[in-house]
Amino acid sequence: MSFVEYSDVIQDGDVAIVYLGIDSTMPIKVQKGAQTQTRYGVIRHSTDLIGQRYGSKVTCSKGGWVHVLHPTPELWTVSLPHRTQILYTTDIATITMMLELKPGSVVCESGTGSGSLSHAILRTIAPTGHLHTVEFHQQRAEKVAEEFKEHRVDHLVTVRNQDVCKDGFGVTGVADAVFLDIPSPWEAVRHAKTALKRQGGRVCSFSPCIEQVQKTCQALMDQGFEELSSVEVLLRVHDVRVVSMPLPDFGPDPSAPPGPDSRGEAPNHASIALKTTTPPREIPGHTGYLTFATKPRT
């Protein structure tokens, strides 16, 4: 099992995602002899998981059942243990696209936090790319490094415990893209420029407050960055439902020949079933602003 390579069969030592329901998932470390408690009963790893195919329906001790799924960055985002606020798939997809990430890309990131974005980056840049991620908090840096090893992506990532605003990313002139998710990203812009390759490169900064965006944009312009843009991504999920619509009655057709319906009987008006969508009454609110910029080619 690896977050960047798919496997068919659950093995001892894998990290699997237990799917309890549409809004309920949990990650587990598969180990011989171990057990996992769920609201549907106990899952016994040796008999219920090891050797089974990913996606299998597993019956728990109370008679309820769950599905055991192969881990992906999207599933990890909704089930990971939160050590910080995290980025979700809506913003992650935009970041990955706008930074033009692809297999082989070299990316610098700060701060690592809970590793939600990091896993998505690693899948995108595998198998030959590399992620240099910087985390200021020592315990969080150590924990995310353990998770990368457990998820078998540690060969694609270097974790550094340092202050990116003072010490930078630890690399010079190699990055294709830089991502900043820190309280004062404007203080790290010069280090981002140093880390980027000489021939261009993209920068993204995530900030919840517009005042942070203003300072960051000013710092980017002072450092000579071009093509600045700030976006806010809001997700609207429409509900799909079936409605029954009556067919309109336009009265008798005067050009039609007399038939059985011309005896004065009331016509039986037909209806038709249609699938339609309705917008949500409420949508998730503001998460943050994404500011993008390009380093000019020199």
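These legends describe close-up views of a predicted model.

**View 1. The seven-stranded sheet is open and mixed.** Its strands stand in the order β9-β8-β7-β10-β11-β15-β12. The edge positions belong to β9 (157-161) and β12 (226-231); each has a single partner strand, so one side of each is left without a neighbour in the sheet. Neighbouring strands are turned by 15° against each other on average, direction ignored.

**View 2. Strand β7 is largely enclosed by the rest of the structure, because 5 of its 5 residues (106-110) are buried.** In a regular strand the side chains alternate between the two faces of the sheet. In β7, Val106, Cys108 and Ser110 point one way, while Val107 and Glu109 point the other way. Residues on both faces are buried, Glu109 and Ser110 among them.

**View 3. Strand β7 pairs with β8 and with β10.** On one hand, β7 and β8 (residues 130-135) run parallel and are joined by 5 bridges. Within this pair, Val107 has Leu131 of β8 as its bridge partner. To get from β7 to β8, the chain passes through helix α4 (residues 116-125), and this β-α-β crossover is right-handed. On the other hand, 4 bridges link β7 in the parallel sense to β10 (residues 177-180). Here Cys108 lies opposite Val178 of β10.

**View 4. Strand β10 also pairs with β11, and helices pack on this sheet.** Strands β10 and β11 (residues 202-207) run parallel and share 4 bridges. The bridge partner of Val178 in β11 is Val203. Helix α3 touches β10, β11 and β15, and its direction makes about 5° with that of β15. Helix α4 touches β7, β8, β9 and β10, and its direction makes about 165° with that of β8.

**View 5. Helices α3 and α4 cross each other.** The axes of α3 (residues 89-98) and α4 come within 10 Å and cross at roughly 40°. The two helices are therefore oblique to each other. The crossing is right-handed. On the α3 side, the contact is made by Ile92, Ile95 and Thr96. On the α4 side, Ser116, Leu117, Ala120 and Thr124 take part.

**View 6. Thr112 sits in the loop between β7 and α4.** Thr112 counts as buried because its relative accessibility is 5%, and the cut-off for buried is under 20%. Not counting residues up to four places away in sequence, Thr112 touches Ser118, Thr133, Val134, Glu135 and Val144.

**View 7. Gly288 lies in the loop between β14 (271-278) and β15 (289-294).** With 0% relative accessibility, Gly288 counts as buried. Leaving aside neighbours within four places in sequence, Gly288 is in contact with Phe206, Ser207, Pro208, Val231 and Glu232. Gly288 and Ser255 are 33 residues apart in sequence, and their C-alpha atoms are 64 Å apart in space.

**View 8. Four strands form an open antiparallel sheet.** The order is β2-β1-β6-β5. At the edges are β2 (24-29) and β5 (57-59), and each pairs on one side only. From one strand to the next, the twist averages 35°. Strands β1 (residues 15-21) and β6 (residues 65-69) are joined by 3 bridges in the antiparallel sense. Tyr19 has His67 of β6 as its bridge partner.

Note on methods. Residues are numbered from 1 along each chain as its sequence is written. This is a predicted model: local features need pLDDT of at least 70, side-chain atom pairs count only at pLDDT 80 or more; totals for chains, interfaces and linings use all residues. Side-chain values use heavy atoms; hydrogens and water are left out. Buried means under 20% relative accessible area, exposed over 50%, partly exposed in between (1.4 Å probe, protein chains only). Two strands pair if DSSP finds at least two bridges between them. A crossover is right-handed if, with the strands pointing away from the viewer, the path from the first strand over the helix to the second runs clockwise. Axes are lines fitted to C-alpha atoms, for helices over the stretch in contact, and angles run from 0 to 180 degrees between N-to-C directions. Angles under 35 degrees count as roughly parallel, over 145 as roughly antiparallel, 65 to 115 as roughly perpendicular and the rest as oblique. A crossing is left-handed if the near helix is turned anticlockwise from the far one by less than a right angle, and right-handed if clockwise. Contact means heavy atoms within 4.5 Å.
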